Amino acid sequence: MTLKLHATPEEVMRAVEALQQFGQARQIPEKALFGLTLALEECASNIVNHALRRDARQMFRVTLEHTGSAMVIELRDHGPAFDPTQAPVPEMEAGGDDQPPGGWGIQLVRRYTDEMRHTREGEENILRLTKRLVQATSHK
Amino acid sequence: MPLEILILKTVGDKTLGAVTVKLTGSLDTATAPELERQLAPVLAGQTKHLVFDLAQLKFISSAGLRVFSMARKQLKERGGQASFVNMQPQIQEVFEIMKSLPGVAIFKDMAELDAYLAARQRAHQENQ
């Protein structure tokens, strides 16, 4: 399933709702689906806010795939080359209270997915998020 | 999923009075700006303590966490704090992850919160 989306926060949430329906229809466990939903929201927001600078005329694409043993989300945009998997882990600083929270989103994506892979094909960023599903359908 | 915001002021308790903010739905990239807008007048006043009641909050992303962080920072500057209560397990887990990250102090205040709420409870009982 592929969605073509405008670079707005509302379109990010349209993708999130599509993922929720997609996951529920395939009986993806609730916990895994919550994590995937959060990962998609963070990555798509990054594309909208940074790569495409909230220019609603710009489009990006989200593909949802269920392989049985895994869920894969692929995001494609034509923004400047950017590999979020290389984003630095926030470091503890002296009095590190209230640091600028820019890196939080990517940290959440790391925790909630099993694999995050970025490639650049031509003018396109391709980010693939994978969540392995252990006995996804044999439970309850 | 939209976000419903309900801001309740506690009355009649000068020392321990707080503003409770009940959030229902999804605090995300699309809804976080509205929360920020509605909190602005509260934060511009004298309020020292904000209690976010998250019983009906189903989803949160870093966009929402940023609003909490901003509110907490402003309250802290005037000797107050932001507290978070009634979190659903999936929201609690996001908070736990944030707590485990170096340099993120915002959600480490749970113990302080317990002490604060206990004090409010005592004050309430003594007034009766």
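1. Which residues in α1(A) meet which residues in α2(A)? In this predicted model, A:P9, A:V12, A:M13, A:A15, A:V16, A:L19, A:Q20, A:G23 and A:Q24 are the residues on the α1(A) side, and their partners in α2(A) are A:L33, A:L36, A:T37, A:L40, A:E41, A:A44, A:S45 and A:V48. As background for reading such lists, an α-helix has 3.6 residues a turn, so residues three or four places apart point the same way.

2. Two packed helices are described by the angle between their axes and the distance between the axes. For helix α1 (residues 9-25) and α2(A), the axes come within 9 Å and cross at roughly 155 degrees. Because angles over 145 degrees count as roughly antiparallel, α1(A) is roughly antiparallel to α2(A), and the crossing of α1(A) and α2(A) is right-handed.

3. Helix α2 of chain A covers residues 30-51, and at 1.5 Å a residue its 22 residues should span 32 Å, which agrees with the 30 Å between its end C-alpha atoms. Of these 22 residues, 16 are buried, so α2(A) is largely enclosed by the rest of the structure. After α2(A) comes A:R53, which has a positive phi, near 50 degrees.

4. The loop between α1 and α2 of chain A holds A:I28, which counts as buried because its relative accessibility is 6%, and the cut-off for buried is under 20%. Setting aside neighbours within four places in sequence, A:I28 has contacts with A:G23, A:L33, A:H66, A:M71 and A:L133. With A:L133 the separation along the chain is 105 residues, yet the C-alpha atoms of A:I28 and A:L133 are 7.9 Å apart.

5. Turning to chain B, there are four helices and four strands, arranged along the sequence in the pattern β-β-α-β-α-β-α-α. Of the 128 residues in chain B, 49% are buried, while the chain exposes about 6,100 Å², with carbon and sulfur atoms supplying 52% of that area. Among the contacts in chain B that link residues at least 6 apart in sequence, 72% join residues at least 24 apart.

6. Helix α2 of chain B (residues 62-77) can be checked in the same manner: its 16 residues should span 22 Å at 1.5 Å a residue, and its end C-alpha atoms are 22 Å apart, which agrees. The buried residues of α2(B) are B:S62, B:A63, B:G64, B:L65, B:V67, B:F68, B:S69, B:A71, B:R72 and B:L75. Following α2(B) is B:G79, whose phi is positive, near 80 degrees.

Conventions:
Residues numbered from 1 in each chain as written. Chains lettered and ligands numbered in written order. Predicted model: local features only at pLDDT ≥ 70, side-chain atom pairs only at ≥ 80, totals over all residues. Heavy atoms only, no water. Helix = DSSP H or I, 4+ residues; strand = E, 2+ residues; numbered from the N terminus. Buried < 20%, exposed > 50% of the residue type's maximum accessible area, 1.4 Å probe, protein only. Contact = heavy atoms within 4.5 Å. Areas by Shrake-Rupley, 256 points an atom, 1.4 Å probe, with all protein chains shown as cover. Expected span 1.5 Å × (residues − 1). Axes fitted to C-alpha atoms, helices over the stretch in contact; angles between N-to-C directions. Parallel < 35°, antiparallel > 145°, perpendicular 65-115°, else oblique. Left-handed = near helix turned anticlockwise from the far one by under 90°.
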